[in-house]
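I opened my notebook to write down what I looked up in this structure, one entry at a time.

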Amino acid sequence: MTAPTLAARPVTHPVADSLTMVRRRLVHMRRYPSLTIMLIGQPIVFLLLFAFVFGATMGAGLAGPGGGRTDYLVFITPTILLMTVASVALATALAVATDMTEGIVARFRTMAIARVSVLTGHVVGAVIQTAIALAVVLAVALLLGFRTGAGPLAWLGVVGVLALATVALTWFTVALGLAAGSVETASNTPMFLLLLPFLGSGFVTTDSMPAGLRWFAEHQPFTPIIDTLRGLLTGAPDLAAPAAAAVAWCVVITAASYLWAKRLYARRTDS
Amino acid sequence: MATEPAISVADLHHAYGTRPVLRGVDLDVAPGTVFALLGPNGAGKTTVVKILSTLVRADAGRLRVAGHDLATEPDAVRAAIGVTGQFSAVDGLLTGTENLQLMADLHHLPRARGRARTRELLEQFDLADAAGRPAGSYSGGMRRRLDLAMTLVGTPELIFLDEPTTGLDPRSRRDLWTTVRALVQTGVTVFLTTQYLEEADQLADDVGVLDGGRLVARGSPAHLKTLVPGGHVRARFAGHDDLAAAAGAVPAGVPDPDALTLQVPATGVPDLRALLDRLDAAGAAPDELTVHTPDLDDVFLALTGHATSTETTREVPAP
Ligand SMILES: Nc1ncnc2c1ncn2[C@@H]1O[C@H](COP(=O)(O)OP(=O)(O)O)[C@@H](O)[C@H]1O
Ligand SMILES: [Mg+2]
């Protein structure tokens, strides 16, 4: 019974279909550039706020009496880069949840196209959107006086860690978008992602925190990711421990979210 | 394959939770014909379409669509069908052209052919002027047309249309009927659902009436209409004398002295002509004539003994 049905099964084109879905998502982005601008603006506002309002005090606190705004800018730029990733991921949850309410997804399901291409389209599109946002945010940081002695190898590491984090957070928010019953929920649930850098090593060192908070800060995924990025940009000597933790977190989040998203997608679309 | 039905459904059952919606539906649709599934709101028409178009898995039933088993070869079914659902399935952020191009890409048409097909369909569905605007800004009728055009990009051999004209103005409805007829000319099989007997009458070779989870009637529209006593003419007269004269001349008529009307069973122009001749001969010229053609409510009442759930004020049926 299974042999003839397998033979009759038409070929699907997962790569071509995914690329088509990526193009669709990119057109959405182009049609409403205001959303992209808002996503990029959010981390830039944080960057300006922290650099100018808290910069001088925090810089002195970090680097001693000689320290100042520039020291703090160097300290928070990796954090802001990760927040940029989170900011775009928030929009991904929204885009996925909105998509699921539209009839077009039902249409896709009556067509002989690779099932997962709708989701991969969102993920790849989001990665491209994130790359653009990161480039803009980094340019603003450089304009404000952010400087690094990082060599090409260290930069490669930065790009690699950011890429891993982007893929992890994007699949995670795709799953959240699918899990949300409504577009409204989808815009609220991933908000905690923007809080995590504050409850970690994002804006202060964790050894300044009270015991309970400090324990949380040292065991949540954003801390090793930020520490690794910061270490790569400032040329810290030994990054093996945070880097291993960062990569492990990203891989685990990606794998778990991918499986969760796939299951949710199958369930959402098979009433 | 030529002799196999385009759709074959045997003993189809489906329930949402514990509430049964389909309780043993059987039907066959021959290739190249139009089948209309007729039923009021909530009868389960959309559920049938969703099951046959692979969106919902049936609880039970032997189902074959376009020569493939729905349960074991859903992808082969998907490759053969096109679906225009009850609710709009266009991407509101994309323009008309982009929506059609998206379909062309997903059908893996070569670039040039995809472009040509897009242009052709925009032209055919009178959307060329709006082609560059986001579909979200289209009117209901335009959106319907784009929806149908998207369904046709892959030149499917079998298409499903779920209430294609509900909510359309009469002109758009007629245009859509013309389009469906043209499609059938090219050999496409059409499975449509509707709440209007007139639509089934206009388009379908074969009609199935869905009620209580079963098909309560099957046949050609002409056959269905013979089951319906609702077709009649109502003549209104200036006074009681005329009404009495008319009632004397037309024994089949049912007079209503309060309204000064005579209701006469009639289903076509010959009946009408005969009626007028008789009234003329009796010297009772009516002030006003209204023709009532049977609608879904009449079909339902005749077939099931109860009215459709969308209750409308009914005239007293002829005894
Ligand atoms: N997803 C669903 N969950 C629960 N009940 C449903 C669902 N879809 C439809 N129904 C119910 O099943 C019945 C048939 O619905 P439907 O197939 O949409 O009818 P129609 O298309 O003829 O109006 C209705 O009573 C409807 O409320
Ligand atoms: Mg319906």
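**Entry 1: the ligand.** I started at K45(B), where a backbone N or O atom lies 2.8 Å from an oxygen atom of ligand 1. I kept in mind that this is a predicted model. Next I checked G42(B), and there a backbone N or O atom is 2.7 Å from an oxygen atom of ligand 1. With N41(B) I found a polar side-chain atom instead, 3.4 Å from an oxygen atom of ligand 1. Then I asked myself which residues surround ligand 1. My list reads Y16(B), R19(B), V21(B), P40(B), N41(B), G42(B), A43(B), G44(B), K45(B), T46(B) and T47(B).

**Entry 2: the domains of chain B.** I looked up how chain B is divided, and the assignment gives domain 1 (7-90 + 138-226) and domain 2 (232-292). I noted that domain 1 is written as two stretches of chain B. Taken over C-alpha atoms, the centres of domain 1 and domain 2 of chain B are 41 Å apart.

Entry 3: Over all chains, I found 15 salt bridges in the structure. One that I followed up joins E4(B) to R64(B), with the closest N and O atoms 2.9 Å apart. Where do E4(B) and R64(B) sit in the chain? I found E4(B) in the segment before β1 (7-16) of chain B and R64(B) in strand β4 (residues 60-65) of chain B, so this pair links distant parts of the chain, 60 residues apart.

**Entry 4: where chain A meets chain B.** I moved on to the contact, which takes 33 residues from chain A and 32 residues from chain B. The area buried between the two chains is about 2,700 Å², and carbon and sulfur atoms give 58% of that. In chain A, the residues that lose the most area to chain B are R31(A), R107(A) and T110(A), together 23% of what that side buries.

**Entry 5: pairs across the contact.** How many salt bridges run between chain A and chain B? I got a count of four. R107(A) turned up again here, in a salt bridge with D147(B) whose closest N and O atoms are 2.3 Å apart. On the side of chain A that touches chain B, the elements giving two or more residues are α1 (2-8), α2 (14-31) and α5 (103-109). Of these, α2(A) gives the most, with 10 residues.

Note on methods. Residues are numbered from 1 along each chain as its sequence is written. Chains are lettered from A and ligands numbered from 1 in the order in which they are written. This is a predicted model: local features need pLDDT of at least 70, side-chain atom pairs count only at pLDDT 80 or more; totals for chains, interfaces and linings use all residues. Side-chain values use heavy atoms; hydrogens and water are left out. Contact means heavy atoms within 4.5 Å. Buried area is the accessible area (1.4 Å probe) that two parts lose on being put together, summed over both. A salt bridge is a side-chain nitrogen of Lys or Arg within 4 Å of a carboxyl oxygen of Asp or Glu. Helices (H or I, at least four residues) and strands (E, at least two) are DSSP runs, numbered from the N terminus. Domain bounds come from an automatic or database domain assignment. A residue is near a molecule or strand if one of its heavy atoms lies within 4 Å of it. A polar contact is a pair of N or O atoms within 3.5 Å; within protein, one must be able to donate a hydrogen and the other to accept it, and residues adjacent in sequence count only if both atoms are side-chain atoms.
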